[in-house]
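Subject: Structure for your pocket work

Hello,

Here is the structure I said I would pass on. My notes on its pockets and core follow below.

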Amino acid sequence: MTQTADLILEILNEEIPSRMQLNAAESFKNSFAKKLTDYVLVFEDAHCLISPRRISLHIKGIPILQEDREEEKRGPRVGAPEQAIQGFLTSAGLASLDQCEQRATEKGDFWFATKFIKGLNTKEVLPTIIQDVIAGFTWPKSMHWAKNTLAWVRPIRSILCMFNNEAVPGHLDLGSDLIPFCDTTVGHRFLSPTVLSPDNYLHYRELLLENYVLLDQQERKAKIAKDIESLAQKHGLSVRQDEDLLNEVTGLVEWPVAMIGKIDPAFMDLPEEVLITSMRVHQRYFALEENGKLAPYFILISNIEPTDGGKALIIGNERVLRARLSDAKFFFEQDKLKSLEEYGKGLTQAIFQEDLGTMADKVTRMVHISEYLADTLKLDSTQAKRAATLSKCDLMSQMVGEFPELQGIMGDYYSRHQQEDSIIAEAIADHYKPKGFADDMPRSAIGRIISLADKIDTLVGYFAIGIKPTGSKDPYALRRSSIGCIRLLETMGNLQIDDLIAEVYKTYASVFSKTDKPVTPLSDLIIELREFFFDRLKAYWKEKGLRHDYLDAVFSIAGKDSFDVIALRVEALNAFLERSDGNGEKLLAAYRRASNIVRIEEKKDNVIFEPQVKSDLLEDESEKCLHQILQESTNSIKVDMGQHDFEKVMKVLADLRPHIDDFFDKVTVNSENKNLRENRLRLLSLIRHTLHQVADFSKIEG
């Protein structure tokens with residue numbers, strides 16, 4: 001029986017940025033697991049925990065010894081030049097061809113070398129694996145320190161490496177310095193910076209906990225959530241939920257301690273969003289509520305346990321917050337001294353994109369697009385144009401300059417201050433929404449118009465000059481913009497996306513005439529953007545639980561349908577094929593039978609059987625009946641599809657099934673009479689043609 005042992009590896013660093021931690025832990029575990037597999041070391045289980053200062057990997061059940069193995073290497077063709085033969089022998093570590101085997105392959109006779117490799121002690125292999133994994137690991141951002149060439153997220157201070165409960169001899173080569181592997185770690189940087197010597201993984205976790213290090217990210221998060229809720233309740237308050245802030249704070253502390261502080265009442269007349277943003281962005285404080293309104297308190301999470309109960313720490317944080325809010329109040333009061341139109345003049349100095357003009361140019365285009373959308377949807381174009389005109393003005397305000405997160409929100413406050421209509425103020429605040437699948441939508445139709453104008457302008461402009469997402473890279477968040485467009489278009493009835501793209505493209509005419517970059521022709525751009533939208537749309541509906549093959553079946557024949565119509569078609573097809581009476585499934589089976597017969601016979605005859613049936617060649621009553629109902633169904637489906645009555649379309653499809661079944665029961669398709677055979681194959685082709693008006697059923701799996 002193979003003897004196994006556990007590996008404990010802890011990389012102690014300077015503080016790792018919170019946003020990088022979770023992905024890093026998973027990636028590091030996977031990289032290490034793959035490298036073990038490369039070295040023929042099969043393990044039982046692996047998991048990686050991470051805190052601000054340490055990456056901690058525990059791998060269970062690694063063999064103490066590698067297995068002996070043989071490696072086979074194919075060499076040159078028999079009769080190859082001597083130079084190729086010698087090169088092969090050298091690479092295989094062999095002296096002559098006598099140690100090789102000549103073997104016949106499909107491509108001729110080749111030399112093969114089989115090399116026996118004696119398994120090494122795993123302890124001897126681990127230093128190489130650790131060096132390779134760390135040196136090859138990719139962080140979103142990494143750094144060099146001192147004179148070292150190895151890049152890492154932050155300087156590495158020590159590496160605990162124990163296998164079979166013993167230190168692994170070896171070191172990490174940084175390029176200039178060496179960090180020797182050891183069997184010790186340290187506790188909390190401030191509360192217990194003592195050297196700890198664990199015996200095994202369980203003892204390692206216990207020692208860290210005793211020395212103020214809560215290693216598990218999820219445990220820290222749960223503790224913070226519980227502590228802030230308890231502290232808030234103790235003061236008769238509730239926590240304003242903020243999952244992103246909770247995740248960030250979890251990655252900032254190894255020993256979380258919650259404390260409550262007060263907000264100076266002098267600042268409580270500031271907009272809630274200003275107060276909350278000041279607290280969460282700069283200070284990472286949790287906002288509190290009382291009776292549904294923002295309370296004059298906050299909760300901070302400390303990384304230490306103060307001896308005075310936190311009094312000095314709370315006073316210090318209140319002082320810092322007071323200074324932050326004092327700046328915010330000054331910005332707010334100063335901003336209100338000018339109108340949004342005055343701020344809008346500064347947009348001529350703000351670049352939207354170097355080849356697409358300024359933010360002022362973008363606003364001009366948004367006004368035109370908003371008017372077009374309002375007219376198309378029969379809404380108030382005056383309000384739409386006004387909201388679009390003011391939508392970006394707050395970007396030039398002092399408050400948004402300090403807190404970019406407040407763009408749109410401050411435009412709402414400042415527009416209300418200058419007595420703008422509340423619909424316009426709301427639209428300004430909402431026009432950045434939605435930012436994803438689950439984000440809130442703009443509250444009004446005008447808000448949705450401005451939002452769509454903003455996003456479609458960005459997409460058309462960037463795609464036209466060749467800036468598109470590639471792989472996982474999307475620096476301009478174009479995928480997010482497309483998701484926003486999709487969700488907005490779903491609410492706008494039968495709005496033709498092709499027409500909208502063409503209208504936006506026209507607004508770029510003067511910009512495109514000045515750029516040195518090649519500009520994509522409109523016809524190509526429409527195809528590119530539709531495909532881009534459809535890819536996002538499929539991802540969006542998969543989130544809703546719709547099968548990908550149903551989506552593909554509809555998209556294949558969707559043509560120029562608007563997104564709301566495509567949504568209705570997909571949902572109707574889904575409901576039909578998932579019917580409890582099995583009718584949809586049975587029709588699908590009949591379709592496949594008909595399609596397979598036609599496909600096989602077309603290949604055999606090297607012809608295409610068009611769906612034009614000669615009625616005078618129909619003999620059996622069942623084929624006459626099927627032909628008649630297919631003709632009626634084709635006409636009915638065409639009308640119902642035009643009226644978007646997809647429930648009625650699906651009923652027509654359901655009524656087809658018994659007639660198709662009856663045909664197959666009573667008629668021999670491959671008749672000895674050539675004319676009858678061809679006509680019946682055309683009848684089967686008509687089945688396929690009729691169903692393809694609704695969806696491409698060939699793309700449905702199962």
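**Pockets and core**

The lining of the largest pocket comprises 14 nonpolar, 3 polar and 16 charged residues. Here Ala, Val, Leu, Ile, Met, Phe, Trp, Tyr, Cys and Pro count as nonpolar, Asp, Glu, Lys and Arg as charged, and the others, Gly among them, as polar.

The model is predicted: local features need pLDDT of at least 70 and side-chain atom pairs pLDDT 80 or more, while totals for chains, interfaces and linings use all residues. Residues are numbered from 1 along each chain as its sequence is written, and side-chain values use heavy atoms, without hydrogens and water.

A pocket is an open set of points on a 1 Å grid over the protein atoms alone, where a 1.4 Å probe fits, with protein on both sides within 12 Å along at least five of seven lines; lining residues have an atom within 4 Å of a point. Volume is the space filled by probe spheres set on the points, which are joined across faces, edges and corners.

The largest pocket holds about 1,100 Å³. Of its 33 lining residues, Thr277, Arg280, Glu405, Ile409 and Lys435 lie nearest the centre. Helix H7 (272-283) contributes the most to this lining, with 6 residues. Helices are DSSP runs (H or I, at least four residues), numbered from the N terminus.

The second largest pocket has about 490 Å³ and 17 lining residues, with Gln407, Tyr432, Asp454, Arg480 and Ser481 nearest its centre. H15 supplies the largest share of that lining, 4 residues.

Regards

Note on methods:
Helices (H or I, at least four residues) and strands (E, at least two) are DSSP runs, numbered from the N terminus.
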